[in-house]
Amino acid sequence: MNPGGKKDSPQNPQQQQTDVTRRRFFTLMGLGIGWGGFAAALGGSGVGALRYMFPNVLYEPPTVFKIGKPDDYGIGVDNKLKKERQIWVVRNERGIYVMVAICRHLGCTPNWFDDQKKFRCPCHGSIYDVAGNVVGGPAPRTLWRAALSIDPVDGQIVVNFTQRQDPDPKGTEEGLMVDEKSREVPPFFLEV
Ligand code: FES
């Protein structure tokens, strides 16, 4: 009995059935949300774990690398590492230097023409001699030479691609030139 003396009226069977159905609906919905959230969290952490195993890393080529022993290189320009390492290995009567195969105009890759003893850039026509001096075209500076050393353990030449010799050239009748003697100094020249 309620305080007002009125008897609680019992719900009819149809009303009870409706209440039960509504309760079941909300219970199931709650469970669905719970499991859905759990699955989403599991999926998220799975993706995180996969990303951890396969991180987004950009693999750059190494800037310090070995190129074999001095005896592997004869007199002249060796072209074999141009594609893989962007360098030419040059041996003259006094030793070895390594030039960076990047044009000093706008960065294209020149080609070596052994019959002409010249590097020629296909982009805008810069021409370099075997020492890297500019003897034609728009390039404003000579080709870079990279720093070299000999590995004391295996005797191989080690190239440091980012440590570069870049002297100021003189404007002459032949082109933009640098005195060769001033270039043949450590660590940019190996007397081997
Ligand atoms: S990039 Fe070589 S001449 Fe322009």
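Mentor: Let us begin with exposure: a residue is buried under 20% relative accessible area, exposed over 50%, and partly exposed in between, using a 1.4 Å probe and protein chains only. By that scale cysteine 123 is partly exposed, because its relative accessible area is 39%. This is a predicted model, in which local features need pLDDT of at least 70 and side-chain atom pairs count only at pLDDT 80 or more, whereas totals for chains, interfaces and linings use all residues. Residues are numbered from 1 along each chain as its sequence is written, and side-chain values use heavy atoms, with hydrogens and water left out.

Trainee: Which cysteines form a disulfide?

Mentor: A disulfide is a covalent bond between the sulfur atoms of two cysteines; here the criterion is a pair of cysteine sulfur atoms within 2.5 Å. The structure holds one disulfide, formed by cysteine 108 and cysteine 123 with their sulfur atoms 1.9 Å apart. The link of cysteine 108 and cysteine 123 is left-handed, with -95 degrees about the S-S bond. Cysteine 108 lies in the loop between β4 (96-100) and β5 (111-113), and cysteine 123 in the loop between β6 (118-120) and β7, so the pair ties together parts that are 15 residues apart in sequence.

Trainee: Are cysteine 103 and cysteine 121 buried or exposed?

Mentor: Cysteine 103 counts as buried because its relative accessibility is 4%, and cysteine 121 counts as buried at 6%.

Trainee: How many helices and strands does the protein chain have?

Mentor: Helices (H or I, at least four residues) and strands (E, at least two) are DSSP runs, numbered from the N terminus. The protein chain has three helices and 12 strands. Buried residues make up 33% of its 192 residues.

Trainee: Where is aspartate 129 placed, and which residues does aspartate 129 touch?

Mentor: Aspartate 129 is in strand β7 (residues 127-129) and counts as buried, at 14% relative accessibility. Contact means heavy atoms within 4.5 Å. Not counting residues up to four places away in sequence, aspartate 129 touches Lys117, Lys118, Phe119, Val135 and Met177. The C-alpha atoms of aspartate 129 and lysine 117 are 6.6 Å apart, although these residues are 12 residues apart in sequence.

Trainee: Where is threonine 142 found?

Mentor: Threonine 142 is found in the loop between β8 (134-136) and β9 (145-150). Threonine 142 is buried, with a relative accessible area of 0%. Leaving out residues up to four places away in sequence, threonine 142 touches several residues, including Asn133, Pro167, Leu176 and Val178. Asparagine 133, for its part, is in contact with residues including Thr142, Leu176 and Val178.
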